[in-house]
Amino acid sequence: MRDVKILLTEKELPTHWYNIQADMPNLPDPPLNPVTKQIIGPDDLKPIFPMGLIMQEVSQERWIEIPDEVRDILRIWRPSPLYRARRLEKALDTPARIYYKYEGVSPAGSHKLNTAVPQAYYNKVEGVKRLATETGAGQWGIALSQACNFFGIECTVYMVKVSFNQKPYRRSLMEIFGSNVIPSPSNLTESGRKILEEHPDSPGSLGVAISEAVEDAAKREDTNYALGSVLNHVCLHQSVIGLEAKEQMAKAGHYPDVVIGCCGGGSNFAGIAFPFAHDKITKGQKVRLVAVEPISCPTLTRGLYHYDYGDVVGLAPIVMMYTLGAAFMPPGIHAGGLRYHGDSPLLSRLVKDGLVEATALGQTSVFQGAIQFAKSEGLIPAPESAHAVQAAIQEAIDAREAGEARTILFNMSGHGLLDLPSYDLYMAGKLEDYPLPEEDLKNALERLPKV
Ligand SMILES: *Cc1c(COP(=O)(O)O)cnc(C)c1O
């Protein structure tokens, strides 16, 4: 079989990030201070972020140069490969062409290192000595630990307690790179103590861990905060995925009819899709952009487009986004990285404006698709990425039924080699689907900020 792997040379590594804020027909409404509910400006973010990242957060410049020091590290694994899944096409007996961009080749095993490196870099050049962050399943914690290690910065990771106990190898990885990993909620912060007082056995959540990390960073002069998804500058850094994929698709001689990515906070989806959204917005290119989320945490498909807190305690800015309510406690599904109550404001705005579609899948069909993919292609997708895999399989089956030679591109955001216990449960028939009950959704949405 020809053209299974489409590579770029090191020289073809992008020199600039793509900023979709330059092209959006409508920008998201501005973020608000969680206490005063006033619009916040760059200065309000200074206690927890370096100016280099704050300026990217608000920039409307289309192309932003990637610093050489950052490109030197990205080069370790970038440009990442684009594959044509010819064996999967055959197994599905589909006329569709299925391409996937593979981000599991990064040392962290996922796309998250694409933003961890520039985030550590901008903090380093502004003299920050220590970063505090949260992690759910551990992917972001690993990526930031590696990046901090490269730049000689200390790193403290508040890890959602249930994952801390269930995923010991993710913790080992963070510790190898020198990070201090703390199960959250902890008694080291006021936020953690407050939660523990009300719920001594709290398993933790991303929203709580964010509160702890933001509080840690706000209280210490030498410490900043870092977030692995959702924010504009994170989506910006991830654009290298789609920029490379566009070059690779051009080499393959096909433009995608549909671009698919899984969606937790929206960053890997933004990475693969925003450079194609540029063509759609500015050149009228016909391309569908599809974000895939779990039915147990259906932010884009069932949430409200509303101002909401980014964290549980209410320390992070209030942003306009699709949300299930900051009080929402997602069930313990196996795609830990897709369990955030909100979504990127940029992506939310694009969904609101009809430029991006959203769909939701149950975890049993997701694991079924992941195993079919693994058997054809040999790679084990992360449970998060498997949402994109299964959506691509469904697209290819639709194409077969419609008799169309559709071109499908999806992002495989990471490998699942540290998620094998979840695969074991699936194979033992012990995984269930948890569609979010209407009642729980209503309860969580009752606590949205009044603005
Ligand atoms: C964290 C993670 C995600 C979800 O985060 P996004 O910001 O939505 O990309 C998806 N896939 C993998 C492998 C992850 O680690």
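**Note on the predicted model and its ligand site**

1. Tyr169 counts as exposed, at 60% relative accessibility; here exposed means over 50% relative accessible area, buried means under 20%, and partly exposed lies in between, with a 1.4 Å probe and protein chains only. Tyr169 belongs to helix α7, residues 168-176. Helices (H or I, at least four residues) and strands (E, at least two) are DSSP runs, numbered from the N terminus. Although Tyr169 and Leu418 are 249 residues apart along the chain, their C-alpha atoms are separated by 7.3 Å.

2. A word on the basis of this note is in order. The model is predicted, local features need pLDDT of at least 70, side-chain atom pairs count only at pLDDT 80 or more, and totals for chains, interfaces and linings use all residues. Residues are numbered from 1 along each chain as its sequence is written, and side-chain values use heavy atoms, with hydrogens and water left out.

3. The ligand site deserves attention next. The ligand is surrounded by 19 residues, where a residue is near a molecule or strand if one of its heavy atoms lies within 4 Å of it. The closest are Lys112, Ser229, Gly264, Ser267 and Ser413. By class, the shell holds 13 polar, four nonpolar and two charged residues. In this scheme Ala, Val, Leu, Ile, Met, Phe, Trp, Tyr, Cys and Pro count as nonpolar, Asp, Glu, Lys and Arg as charged, and the others, Gly among them, as polar.

4. For Gly265, a backbone N or O atom lies 3.0 Å from a ligand oxygen atom. Asn268 contributes a polar side-chain atom, which lies 2.7 Å from an oxygen atom of the ligand. The protein covers 97% of the 380 Å² of accessible area that the ligand has on its own; accessible areas come from the Shrake-Rupley method with a 1.4 Å probe, and for residues only the protein chains shown count as cover.

5. The space taken by the ligand is the largest cavity. A cavity is a set of points, on a 1 Å grid over the protein atoms alone, where a 1.4 Å probe fits but cannot get out. A molecule sits in a cavity if more than half of its atoms lie within 2 Å of its grid points.

6. Most residues other than glycine have a negative phi, and most peptide bonds are trans. Arg78 and Pro79 are joined by a cis peptide bond, with omega about -10°, and Pro79 is in the loop between α2 (68-74) and β4 (82-84). A cis peptide bond also joins Ser184 and Pro185, with omega about 5°. Pro185 is in the loop between β8 (180-184) and α8 (190-198).

7. Backbone angles raise a further point. Lys37 is not a glycine, yet its phi is positive, about 60°. Lys37 is placed in the loop between β2 (16-18) and α1 (51-58), and its 31% relative accessibility makes it partly exposed. Val230, also a residue other than glycine, has a positive phi near 70°. Val230 is found in the loop between β9 (223-225) and α10 (232-252). Is Val230 buried or exposed? Val230 counts as buried because its relative accessibility is 8%.

8. Arg130 is in strand β6, residues 130-135. With a relative accessible area of 6%, Arg130 is buried. The side chain of Arg130 makes a polar contact with the side chain of Thr223, at 2.8 Å. A polar contact is a pair of N or O atoms within 3.5 Å; within protein, one must be able to donate a hydrogen and the other to accept it, and residues adjacent in sequence count only if both atoms are side-chain atoms.

9. Separation along the chain and separation in space should be read side by side. Thr115, in helix α4 (residues 113-125), is buried at 0% relative accessibility. Thr115 and Arg84 are 31 residues apart in sequence and 26 Å apart in space, C-alpha to C-alpha. Tyr423, in helix α16 (residues 420-427), is buried at 6%.

Notes: On a 1 Å grid over the protein atoms alone, a cavity is a set of points where a 1.4 Å probe fits but cannot get out, and a pocket is an open set with protein on both sides within 12 Å along at least five of seven lines; lining residues have an atom within 4 Å of a point.
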